[in-house]
Amino acid sequence: VPFRSETLDGKRVGHCTNVPRNVNMESLRTGYLFPEISLREFEHIQKYPDSELIRLGIGDTTKPIPDIITSAMAEELVHTSYVAFSVWQYASALSTVRGYRGYGAEQGNKELRQAIAETFYEDTGVKGDEIFVSDGAQSDISRLQLLFGSNVTIAVQNPSFPAYIDTSVIVGQAGEFQEETGKYRNIVYMNCLPETNFFPDLSTMPRTDIIFFCSPNNPTGYAASRLQLEQLVAYAKAKGSIIVYDSAYSVFITDGSPKSIFEIPGAREVAIEVSSFSKFAGFTGVRLGWTVVPKALLYSTGFPVIKDYNRLVCTSFNGASSISQAGGLACLSPEGYMALNAVVDYYKDNAKMICDALTSVGLKVYGGRNAPYAWVHFPGLKSWDVFAEILEKAHVITVPGRGFGPGGEEFIRISTFGHRESIAEASRRLKSLFIHN
Amino acid sequence: MSAIHHPHHLPTSISSSTSAFLGQNNFNTRTQSVPLPVRSNGSCKCVATPSAEKSANTTKVSRNANMAKLQAGYLFPEVARRKAAHMLKYPDAEVISLGIGDTTEPIPEVITSAMAKRSNALSTIEGYSGYGAEQGEKPLRAAIAKAFYGHLGIEEDDIFVSDGAKSDISRLQVLFGSDVTMAVQDPSYPAYVDSSVIMGQTKQFQKDIEKYANIEYMSCTPENGFFPDLSKVSRTDIIFFCSPNNPTGSAASREQLTRLVQFAKDNGSIIVYDSAYALYISDDNPRSIFEIPGAKEIAIETSSFSKYAGFTGVRLGWTVVPKQLLYSDGFPVAKDFNRIVCTCFNGASNIAQSGALACVSPDGLKAIHEVIGFYKENADIIMDTFNSLGFNVYGGKNAPYVWVHFPGRSSWDVFSEILEKTHVVTTPGSGFGPGGEGFVRVSAFCHRSNVLEACRRFKQLYK
């Protein structure tokens with residue numbers, strides 16, 4: 001059960017310390033979006049215990065991890081590789097004298113870093129030693145904010161994955177929340193709406209130090225084109241900004257759009273890229289991701305960003321789980337990679353099924369083509385209201401677009417992970433619900 | 001810190017590996033990866049030429065001034081670098097690592113089989129799980145509460161499972177923010193100070209006294225029995241306290257902790273109590289701050305399976321934030337910590353959590369106590385060796401660290417001497433703060449044969 005406070009304003013009676021609450025935490029308006037959705041889900045199940053709730057809310061993977069990967073994590077596996085001394089520790093091997101390993105390098109196992117470079121960054125110039133393996137993008141985003149500190153300005157897409165804004169608030173970058181606009185004073189919100197074809201109008205944007213950019217986008221599902229990313233890189237170069245590019249969904253791209261910012265020439269001097277095994281390999285619980293910090297990325301004084309990031313990683317972190325890393329390496333083996341692509345294809349077929357169903361009843365559906373999210377427009381309606389209606393009447397959990405920023409109002413995000421039968425049933429129920437459209 | 005002997009310089013390699021990579025299992029060290037531009041005296045020699053071209057290659061983003069306050073690399077990668085350099089110099093030397101506190105003994109099978117089982121289950125429809133609760137899986141939270149805090153009134157939902165104490169310390173700093181003041185023991189585990197600097201709680205490093213301005217350093221020396229004289233400590237918002245202590249090995253008594261709790265209560269402070277070595281205690285010193293009445297209203301406790309179960313690579317720890325702990329306005333600290341955990345983290349690995357659950361099963365606890373007992377025997381051997389050589393030796397009884405006094409000597413010099421002449425890696429005391437100068441920390445994590453060999457070499461050097 002999600003954490004519940006005792007009183008209406010969250011305060012308790014009892015001995016108080018003299019330690020003031022962090023004002024940045026006060027600045028956060030609500031709980032983090034996804035636990036809020038969980039709470040609604042929990043309440044709904046209490047109310048309708050027999051409802052056969054279908055979860056298309058939190059983008060949680062559902063298909064089991066291919067055997068070749070989990071067995072790599074479970075069994076001892078002698079790995080022949082080009083790195084002579086590197087032998088992976090696997091859970092069982094950890095019980096043997098020969099196989100036991102303790103602390104790993106905080107930056108990640110060398111072989112894994114190299115495999116990530118070769119699998120995802122071939123021909124982009126990104127090297128293994130520019131890759132920092134982590135326990136996932138959410139932790140990395142937070143570490144990047146710690147790295148940048150409270151004195152930088154940021155821009156985010158509007159709508160966007162809430163962690164960028166929330167971590168910005170926590171670190172003290174964001175300024176006051178403005179009720180009228182639903183925005184934080186110091187954050188620049190780059191509108192990504194149907195009218196702008198889901199890409200920001202860079203010509204009117206005020207300069208910020210950092211630009212968070214997620215493509216394929218959560219929640220809109222839009223994948224920026226090569227031309228658009230060239231514009232973004234040129235813009236960042238001209239303004240001296242750093243792009244933090246979130247490519248967690250790149251494996252879902254079907255139309256040839258770039259899968260990494262580093263496909264764009266010049267990006268190594270302006271961008272950091274964050275990615276994850278979560279949606280690619282079903283590692284949402286296993287926890288594994290990475291961040292690329294190119295050596296060519298320099299602060300205004302010429303000091304390499306990677307040096308500070310390395311220091312931060314060594315101080316605030318102690319490496320991703322060795323078992324998860326073993327799994328990650330197996331994911332990037334030829335057999336593992338092939339098996340995972342089959343799982344991704346399955347989710348892509350889910351997306352098509354839902355998008356077709358909703359389109360067939362006249363709803364305006366975006367996304368779904370390059371990402372595991374359908375972004376459905378309900379003009380003139382409040383997204384929490386639509387969320388509630390869908391939940392109450394169709395017993396389907398979605399995510400209200402407003403949770404992703406003011407630009408998400410009027411939209412609902414439907415995630416397309418799930419067992420095919422659930423997806424089919426959800427499609428049926430949603431068609432039923434919206435047939436009058 | 002190490003400023004006197006080791007001017008701040010760029011490492012020749014970004015991949016600063018720890019002992020797991022460097023020779024622990026007799027593999028050859030591979031040359032490290034591409035070096036960064038060489039730097040001296042704080043200015044970077046860039047590839048690009050100055051003015052127009054330079055501005056074309058740099059962003060206009062200012063470096064975080066807090067990062068610039070840090071004096072050198074984090075301590076343990078620095079030690080690892082020295083070790084790597086030493087091994088290149090003496091490729092045939094059998095280097096023994098008693099430096100970084102890295103566990104060496106295999107994880108008991110009752111625990112690894114649980115992790116293997118969970119891994120395999122992830123390949124099945126019934127057994128697959130995606131995102132878990134960010135606070136940790138409920139059965140594990142309940143099991144930790146019962147195993148370690150059963151009779152202390154700490155409940156399942158006071159427990160936040162994590163990927164380890166180092167990450168938790170950082171998240172606690174993010175929680176508290178940049179406007180709080182903190183106190184640390186001197187010497188202390190470097191992550192408390194370094195994370196404080198990164199958060200912006202401190203002012204500049206003062207080279208003459210080797211301390212960061214705005215941090216209260218609580219001296220812990222042989223003279224005061226390694227417990228600070230609280231009458232000399234100024235009030236701070238947060239007090240970091242590690243017991244049994246890394247690096248001194250000292251475990252605070254019930255009486256001392258009662259005074260500490262009272263001190264915190266009187267000052268309205270919050271204690272962050274690091275109990276990562278609690279199970280190493282031999283006598284009846286408290287294993288948890290929550291054994292002291294009133295502690296729930298003034299303390300957070302952080303701990304880890306790293307040194308209990310050899311989980312240094314597996315990554316699993318926890319932090320206790322009692323419901324009774326309130327900010328000055330009555331707002332529960334746990335509520336904000338929960339928000340941080342949900343926003344800046346996504347839960348510990350599910351496989352590691354299965355391992356942890358096995359750790360606190362009856363068989364698991366029995367097995368990890370055996371491993372801990374093994375390391376404690378190592379500590380005894382090391383202590384006896386230095387005692388027999390006439391050194392003043394501390395710790396070792398309640399912790400896997402032996403704290404050896406070399407009065408009047410620079411600890412980095414002693415570190416280098418020991419490394420050069422015995423090929424044994426230790427950790428220089430000044431890496432833990434100015435109060436560590438004149439001491440060397442010898443860790444007890446090692447295969448038995450290596451501990452015996454290391455001690456033989458110490459006897460040779462210091463006879």
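## Two helices in chain A

In chain A, Glu111(A), Leu112(A) and Ala115(A) of helix H4(A) meet Gln325(A), Gly328(A) and Leu329(A) of helix H10(A) (contact means heavy atoms within 4.5 Å; helices are DSSP runs of H or I, at least four residues, numbered from the N terminus). These contact residues divide into three nonpolar, two polar and one charged (Ala, Val, Leu, Ile, Met, Phe, Trp, Tyr, Cys and Pro count as nonpolar, Asp, Glu, Lys and Arg as charged, the others as polar). H4(A) covers residues 110-120 and H10(A) covers residues 322-331, and the two pack at an angle of about 35° with their axes 10 Å apart (axes are lines fitted to C-alpha atoms over the stretch in contact, and angles run from 0 to 180 degrees between N-to-C directions).

This is a predicted model, where local features need pLDDT of at least 70 and side-chain atom pairs count only at pLDDT 80 or more, while totals for chains, interfaces and linings use all residues. Residues are numbered from 1 along each chain, chains are lettered from A and ligands numbered from 1 as written, and side-chain values use heavy atoms, without hydrogens and water.

## Domains of chain B

Let us move on to chain B. Its domain assignment gives domain 1 (20-89), domain 2 (98-106 + 364-462) and domain 3 (109-361) (bounds come from an automatic or database assignment). Taken over C-alpha atoms, the centres of domain 2 and domain 3 of chain B are separated by 24 Å. Where these domains touch, domain 2 of chain B supplies 28 residues and domain 3 of chain B supplies 37 residues.

Leaving aside residues up to four places away in sequence, Phe374(B) touches Glu105(B), Cys446(B), His447(B) and Arg448(B). Ser304(B) lies 70 residues from Phe374(B) along the chain, and their C-alpha atoms are separated by 18 Å.

## Helix pairs in chain B

Two helix pairs in chain B are worth a visit. The axes of H3(B) (residues 75-89) and H13(B) (residues 411-422) come within 11 Å and cross at roughly 35°. From H3(B), Leu75(B), Glu78(B), Val79(B), Arg82(B), His86(B) and Lys89(B) meet Trp412(B), Phe415(B), Ser416(B), Leu419(B) and Glu420(B) from H13(B). This contact has five nonpolar, two polar and four charged residues.

H6(B) packs against H7(B) (residues 190-199) at an angle of about 40°, with the axes 10 Å apart. On the H6(B) side the contact uses Ile169(B), Gln173(B) and Val174(B), and on the H7(B) side Ala191(B), Tyr192(B), Ser195(B), Ser196(B) and Met199(B). Here five residues are nonpolar, three are polar and none is charged.

How many cavities of 30 Å³ or more does the count come to? It comes to 15 (a cavity is a set of points on a 1 Å grid over the protein atoms alone where a 1.4 Å probe fits but cannot get out, and lining residues have an atom within 4 Å of a point). The largest cavity has a volume of about 310 Å³ (the space filled by probe spheres set on the points, which are joined across faces, edges and corners).

The largest cavity is lined by 23 residues, and Tyr103(A), Asn318(A), Tyr189(B), Tyr277(B) and Lys307(B) lie nearest its centre. Helices H6 (165-176) and H9 (306-309) of chain B are the elements that give two or more residues to this lining. By class, the lining of the largest cavity has eleven nonpolar, six polar and six charged residues. Domain 2 and domain 3 of chain B each contribute at least three residues to it.

Technical notes
On a 1 Å grid over the protein atoms alone, a cavity is a set of points where a 1.4 Å probe fits but cannot get out, and a pocket is an open set with protein on both sides within 12 Å along at least five of seven lines; lining residues have an atom within 4 Å of a point.
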